[in-house]
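Biologist: I am new to this one. Can we go through the labels and ask what stands behind each?
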Amino acid sequence: MSDTVDLTAALAPAGPAAPHSASGEEVATHDLGAVAPPARPARRWMPKRVVATPAAYDHPHGLRIMERLGELGLETERLASNRLTGVRGETDRETYARAKSTLAIVVSPPSRRRLQPIAPSADWRFDLAEGCPAHCQYCYLAGSLSGPPVTRVYADLDDILAGLADYVGRGTITSRRAARRDEGTTFEASCYTDPLALEHLTGSWRRAVTFFGAWDAPVQLRWTTKFDDVDGFAGLRHEGRTRVRLSVNCLPVTSRFEGGTAPLPARLAALRRLAEDGYPVGLTIAPIMAMPDWRDHYGVLLDAVAAAVDGVRDLDLTAELITHRFTPGSKEVLLGWYPRTRLDLDEQSRSRKHGKFGAVKYVYPPETMTALRAWFETEIARRVPACRILYWT
Ligand code: SF4
């Protein structure tokens with residue numbers, strides 16, 4: 001790994017994006033074997049080093065982030081240029097760990113200001129940050145980043161939000177799917193990060209929620225999270241224009257494969273809290289895994305969801321269902337990170353498919369997919385009847 005990091009470059013590669021809970025089958029990966037730190041239990045992430053590029057000081061939100069960090073006892077180091085030095089350690093592991101514990105306040109790269117469609121989740125994706133402190137063993141972010149994983153948060157938030165107006169009415173997801181027409185143009189804001197992993201440091205997603213709340217137009221902000229830190233969102237003027245989805249899974253998945261995230265009961269409590277505050281809410285059930293006894297495990301999950309939303313008035317609850325898949329590249333990276341992982345990465349038990357951009361991916365065979373889909377559709381209707389399924393993939 002190089003000692004200097006160009007903070008004007010995007011952290012994740014250009015090209016097709018995938019929601020972070022999917023497996024990003026079309027994203028190129030790099031082998032980071034032997035450099036990943038072990039998973040830690042969930043807690044509010046506090047970076048060890050905070051830096052800001054000179055341009056970040058020209059943006060009010062950059063200054064707001066610095067002030068917020070100051071209140072948390074974190075001092076921001078002003079860089080002389082857009083290049084960050086001092087990341088190199090004695091070993092690759094040390095370099096990696098230093099990058100992973102550094103937060104950079106930067107202006108978003110121009111490539112991030114041209115929005116990309118992100119089917120089937122939303123019409124458009126936009127980014128408020130890149131990088132995540134959690135350690136999900138199936139996460140495509142792990143191996144797809146283009147350099148040391150310094151988490152970037154964007155100082156030009158106000159410009160990013162103002163730029164969204166150009167895209168209203170131009171999406172294809174909500175206009176083509178009758179079930180989603182009431183959502184207006186949808187904007188996904190959690191592609192390369194987990195919002196609630198960073199919100200206490202930036203305030204960016206709260207600002208986005210109030211921006212959409214004040215935006216009297218057919219638009220919807222969407223983001224998904226595996227964290228539960230929603231206190232700051234209760235009471236905001238969201239006006240129903242933000243759908244927060246909690247990324248959930250059955251306990252064998254959340255407890256084995258999702259290092260550094262909030263436990264499932266805490267995520268479901270956060271779901272209830274937001275629903276009680278009038279937010280449209282959702283479940284991102286991903287990645288769905290056909291493990292032994294999967295019906296029992298996912299049945300327990302759906303019952304826990306039903307209990308979590310029981311009695312919530314005017315509940316607006318959706319589900320997005322994403323099955324597990326992997327590529328030869330992502331398998332290599334993930335086995336490098338987690339050599340003893342119990343993640344099922346056996347090509348023999350999967351169907352080989354070509355993604356939209358020609359990349360090979362391994363998905364469950366058709367009979368498994370059919371059984372999973374039928375089960376989820378039936379059981380969601382039976383156990384959580386208020387829940388609308390938005391898509392299956
Ligand atoms: S929480 Fe972080 S590590 Fe886990 S899937 Fe999402 S982006 Fe990846």
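Biologist: Where does Pro120 lie?
Modeller: In the loop between strand 6 (116–118) and strand 7 (122–125). Bear in mind that this is a predicted model.

Biologist: What makes the peptide bond from Ala119 to Pro120 cis?
Modeller: Its omega is near -5°. Pro287 has its place in strand 15. Such bonds deserve a remark, because most peptide bonds are trans.

Biologist: Why is Glu239 called partly exposed?
Modeller: Buried takes 20 or more other C-beta atoms within 10 Å, and exposed takes 12 or fewer. Glu239 has 14, so it is partly exposed. Glu239 sits in the loop between strand 12 (219–225) and strand 13.

Biologist: And why does Asp293 count as exposed?
Modeller: The cut-off for exposed is 12 or fewer. Asp293 has 10 C-beta neighbours inside 10 Å, so it counts as exposed. Asp293 is in the loop between strand 15 and helix 11.

Biologist: What is the phi of each of these two residues?
Modeller: Glu239 has a positive phi of about 55°, though it is not a glycine. Asp293 is not a glycine either, and its phi is positive at about 60°. Most residues other than glycine have a negative phi.

Biologist: How do you know that the length of helix 10 agrees with its number of residues?
Modeller: The expected span is 1.5 Å times one less than the number of residues. For the 13 residues of helix 10 (residues 264–276), that should give 18 Å. The end C-alpha atoms are 18 Å apart, so the two agree.

Biologist: Which residues of helix 10 are buried?
Modeller: Leu264, Arg267, Leu268, Ala270, Leu271, Arg272, Leu274 and Ala275. In an α-helix, residues three or four places apart point the same way, because a turn has 3.6 residues.

Biologist: What do the buried residues of helix 10 pack against?
Modeller: Strand 13 (242–248), helix 9 (251–257), strand 15 (281–288) and helix 11 (294–309).

Biologist: How do the axes of helix 10 and helix 11 cross?
Modeller: They come within 9 Å and cross at roughly 35°. The crossing is right-handed. From helix 10, Leu268, Ala269, Leu271, Arg272 and Ala275 take part. They meet Ala304, Val305, Ala308 and Val309 in helix 11. This contact has eight nonpolar residues, no polar and one charged.

Biologist: How many helices and strands does the chain have?
Modeller: There are 13 helices and 19 strands. Of the 393 residues, 48% are buried.

Biologist: What share of the contacts with a separation of 6 or more joins residues 24 or more positions apart?
Modeller: Such residues account for 81% of them.

How values were computed: Residues numbered from 1 in each chain as written. Predicted model: local features only at pLDDT ≥ 70, side-chain atom pairs only at ≥ 80, totals over all residues. Helix = DSSP H or I, 4+ residues; strand = E, 2+ residues; numbered from the N terminus. Contact = placed C-beta atoms within 7 Å. Axes fitted to C-alpha atoms, helices over the stretch in contact; angles between N-to-C directions. Left-handed = near helix turned anticlockwise from the far one by under 90°. Nonpolar A, V, L, I, M, F, W, Y, C, P; charged D, E, K, R; others polar.
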